[in-house]
Amino acid sequence: MTGYGKAVKDYQDQTITVELRGVNSKSLDLSTRMPSYLFEKELDIRQLIATRLERGKVDLNISITLNSTLSTLNSQFPPINAEAFKFYYKQLADLQSELGIPASADLVGAVMRLPAVTKAETQEASSSLDPELAKAVIDTLNEALDAFIAFRTQEGAALQAKFTEQLDAIEALKAEVEPFEKGRVEHIREHLLSNLDKLAEETKQRIDSNRLEQEMIYYLEKLDITEEKVRLTNHIKYFRETMDGDGTGVGKKLGFIAQEMGREINTLGSKSNQSQMQIIVVKMKDLLEQIKEQVLNVL
């Protein structure tokens, strides 16, 4: 099931943004992007998402930006390490004088290119994460998860409405089978008797009417579709009840019920022996395939 959730929260001079995007998957497949100083909280973040989302291919992006002008500049441009600059500059100036290198040389530019003269004021991985910042991140994540789940719920309601429409259509088609059912059996009986009469006339042999009636009953019973219709009706009813129920694993259960519905519809088709009934069965199969595809998006 697809989903999207986003939450933004201000903390001191920083803005925390959490964004979740998800598509259907049989299990939870989580990809994360976050600042390195949040890595120590990654396990907690993953456990929280696993508890609330259950499954899905989910992309998580957590970003923390600084709001003040100075902080923004510090985050974009590394500040100068004054102590390192002085140390290198003095050494290079002494060498310049000792070696007789003209003073017009770009000494400042050379110093600025040396290691450790510029440094980024980022939180070191070894330092402990501010507990209040960590709490703010988790709170923001929960808000994003709320939005994500609300998105899924809305999509689930739309799916349920679609399932109901398709189940109603299957039941309507099942009702269309009934007018052909009695006439079909009688037509098959008359067709068989006509062929047997022709065979008896050609072979000049008398047919045992008692044995013929027994075989006819056995053959026509095999073509009876009453049980298939009853089971299909029960499967549709169970599908509806499962949709309205709560709990986990509803999608898998609906998938199993759809498989059972397919078996009954296939049997109806194999027993039909009548073109109008076979057309109805094909329409039922088409509707069921649509249900099976959409069931994959149900949790």
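User: What makes Leu43 and Thr51 of helix 1 count as exposed?

Analyst: In this predicted model, Leu43 and Thr51 are exposed. The word requires a relative accessible area over 50%, so both residues lie beyond that cut-off.

User: Which residues of helix 1 are called buried, and what cut-off does the word imply?

Analyst: Ile45, Leu48, Ile49 and Leu53 are buried in helix 1. Buried means under 20% relative accessible area, so each of these four residues falls under that value.

User: How does the length of helix 1 compare with the expected span?

Analyst: Helix 1 comprises residues 42-53, twelve in number. Its first and last C-alpha atoms are 16 Å apart, close to the 16 Å expected at 1.5 Å a residue. Just after helix 1, Glu54 has a positive phi of about 70 degrees.

User: Against which strands does helix 1 lie?

Analyst: Helix 1 lies across strand 2, strand 3 and strand 4 (56-66). Its direction is at about 140 degrees to strand 3.

User: Why are strand 1 and strand 3 called edge strands?

Analyst: The open sheet has four strands in the order 1-2-4-3, with mixed pairing. Strand 1 (3-11) and strand 3 (28-33) each pair on one side only, and these are the edge strands.

User: How do you know that strand 1 and strand 2 pair?

Analyst: Pairing requires at least two bridges.

User: What makes a group of residues a nonpolar core, and which members of the largest one touch the most others?

Analyst: The members must be buried residues of nonpolar kinds, joined through side-chain atoms within 4.5 Å. The largest core has 27 residues, of which Phe163, Phe239, Met261 and Met284 touch the most other members. Helix 9 (275-295) supplies at least two residues of this core; its share, eight residues, is the largest.

User: Which residues does Phe239 contact, leaving aside neighbours within four places in sequence?

Analyst: Phe239 is in contact with Phe163, Leu167, Leu254, Ile257, Met261, Ile291 and Val295.

Key. Residues are numbered from 1 along each chain as its sequence is written. This is a predicted model: local features need pLDDT of at least 70, side-chain atom pairs count only at pLDDT 80 or more; totals for chains, interfaces and linings use all residues. Side-chain values use heavy atoms; hydrogens and water are left out. Buried means under 20% relative accessible area, exposed over 50%, partly exposed in between (1.4 Å probe, protein chains only). Contact means heavy atoms within 4.5 Å. The expected span of a helix is 1.5 Å times one less than its number of residues. Axes are lines fitted to C-alpha atoms, for helices over the stretch in contact, and angles run from 0 to 180 degrees between N-to-C directions.
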